[in-house]
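Reader: Could you take me through one part of this model up close, in plain words? I'd like to know how that part connects to its surroundings.

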Amino acid sequence: MAFAHRLTMKNDINTDYIISGRYKFKIQDPKELAKYIFVDLEPDFYKKVKPGDVLVAGENFGCGSSREQAPVALRASGLTAVLAKSFARIFYRNAFNVGLCLIECETNFVDDMDEIELDIENNLVKNISKGVNIEIKPVPKIMRKFLEKGGIIEYFKEHGGFDEIV
Amino acid sequence: MRQTIAEKILSEHSGRRAKAGDIVISNIDFCFGQDGTSGMIIDSFKKMGIEKVFNTDRFTMIIDHSSPSPNIGVSAIHAKIRNFAKEQDLRIFDIGCGVCHQIVPETGFVTCGDLVLGADSHTCTYGAINVLSTGVGSTDLAIALASGKNWFKVPETIKMVLNGKLPKGVFSKDVVLKIIGDIGADGATYKSVEFYGPVIDSMSVEARFTISNMAVEMGAKCGLMKADRKTMDWIKKHSSREMKPTEADEDARYVKTLEYDFTDLEPQIARPHTVDNVCSVEEVSDVKIDEVFIGTCTNGRLEDLEIASKILKGRKVASGMKLLITPASRKIFLDAIKKGYIDIFVSAGASVNNPGCGPCVGTHQGVLADGENALSTANRNFKGRMGNPNGNIYLGSPATAAATALTGKISDPREYKRRL
């Protein structure tokens, strides 16, 4: 069972908030880093997350710094996906590169601790708690290829480039 | 041919006609990382199982974000960077050299028409000299480092025309803050922005860097300007590489055109905790400031220091004020010494720090105390950015910063306009 987690802050959640500069320099181990996600907003946030859960946000999630520690720490916390109305571009690439799925959709109808099921094949998110299906923007083919392999490095190692997906 | 600058540069580097929305694989002219991202670049590169970087002249690492190291963890990252450089025979820029976004153009690594990747979000800075440069994460950078290429989604373009003439005491920082306040922190997400108009034409290249630097604060992939005489003169002074000035076609397709008139623009401030929370300096003139920081890839250039020196000359900072000044590069530091600016700063009571990112990233050199307010010339005022989530950051121009350092509250630099 996967549950949705929301922060009080909805829009423009930047990568400094996901993982503060104070910790990204100090801590190299992703599992350890994961304990500090959103530390400046909600310090105990990481304790709520169970493997397979998803994070839900509003507009422009992941704006700001290019730090890849942001999606790495989210993934290491157990989160498998982020649902948001929109994402910032550097974070968008970084997330799929490290195996974190991002889904663009209307998120107003997902509350904290709603039970969620992702159905990327059919472009749907099922909100089981509310009994509604939410249509999602299709995840681009190139990003799905990276996810299938667990990240861009594995994809690159296997294919030696990106000719197949262009 | 109806192409924007981004479409042209991506076409040129991918060997096919690129239009907005296409995915292309492009050759990279130059790429780099900094100390916050290079550790992971090295890890990702090694995971790929490739022995040598694609070209030792087209990649560098710059130790600027937490430099010199404030703790053991950072020292380990710095050592890892130095070791990788030795292993791969790479030139790096160690502590005290300066901020990556000053080093890269100043050293002549990039020229107009280039396609550049940096593992730092403010890589968009060189758009001011007609370079399609954009920030990526460490693994994307490692892909470029391994293969000399990466994949790109060709962005749509917003055209911005900046009309009028800036009043005295109002600078490029005020212009870009005003624009971000207008269109919002996601106003240009995934777009290329092209800046035109008399306001840009009349600016120095240094002042233009400030505008392109903050394109990412509106969500943009890049913030491009055409190469004019000033651009070419600037590049010629710094680089021996062949220039490929790239202009948009007259009938290029833009998703949006925004026109501004900045004739009556006032000095602008971004209030805590978002860069788009912008107002005029007058609206916040009663805010008490504990720390002023002049520096960064946005506003740590010689021209910025010159402006600050004109206001600070022969004066003392307010009682209890912490004024921190960080030149963006060693060259700028030396030039500022020769021109007497550093003498003025130190005499006024400033702490002048070594070239680098300074307190911008909150890992050292000027962490705020609980409840303290800073006025910074940087590009971000996120909660916790300067090391303490209980501190507040206001952003403004070097002139506004210098004027504020003298009074201890947010102050209008136009009061000193006879000096400017």
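Predicted model: local features only at pLDDT ≥ 70, side-chain atom pairs only at ≥ 80, totals over all residues.

Author: Happy to! Across from A:L83, which belongs to strand 3 of chain A, stands A:V56. Residues are numbered from 1 along each chain as its sequence is written, and chains are lettered from A and ligands numbered from 1 in the order in which they are written.

Let's begin with strand 2 (residues 54-56) of chain A, which pairs with strand 3 of chain A in the parallel sense, over three bridges. (Pairing takes at least two DSSP bridges; strands are DSSP runs of E, at least two residues, and helices are runs of H or I, at least four residues, both numbered from the N terminus.) Between strand 2 and strand 3 of chain A, the chain passes through helix 5 (residues 69-76) of chain A, and this β-α-β crossover is right-handed. (With the strands pointing away from you, the path from the first strand over the helix to the second runs clockwise.)

Strand 3 of chain A also pairs with strand 4 (residues 101-104) of chain A, again parallel, this time over four bridges. Here A:A84 faces A:E104 of strand 4.

Now for the side chains. In a regular strand they alternate between the two faces of the sheet. (Buried means 20 or more other C-beta atoms within 10 Å of the residue's own, with C-beta atoms placed from the backbone; 12 or fewer is exposed, and anything in between is partly exposed.)

Stepping back, 48% of the 166 residues of chain A count as buried. Chain A has eight helices and seven strands. Its radius of gyration, taken over C-alpha atoms, is 15 Å, close to the 15 Å of the globule rule (2.2 Å times the number of residues to the power 0.38), so chain A is as compact as a globular protein of that length. The C-alpha trace of chain A spans about 40 × 40 × 25 Å along its principal axes.
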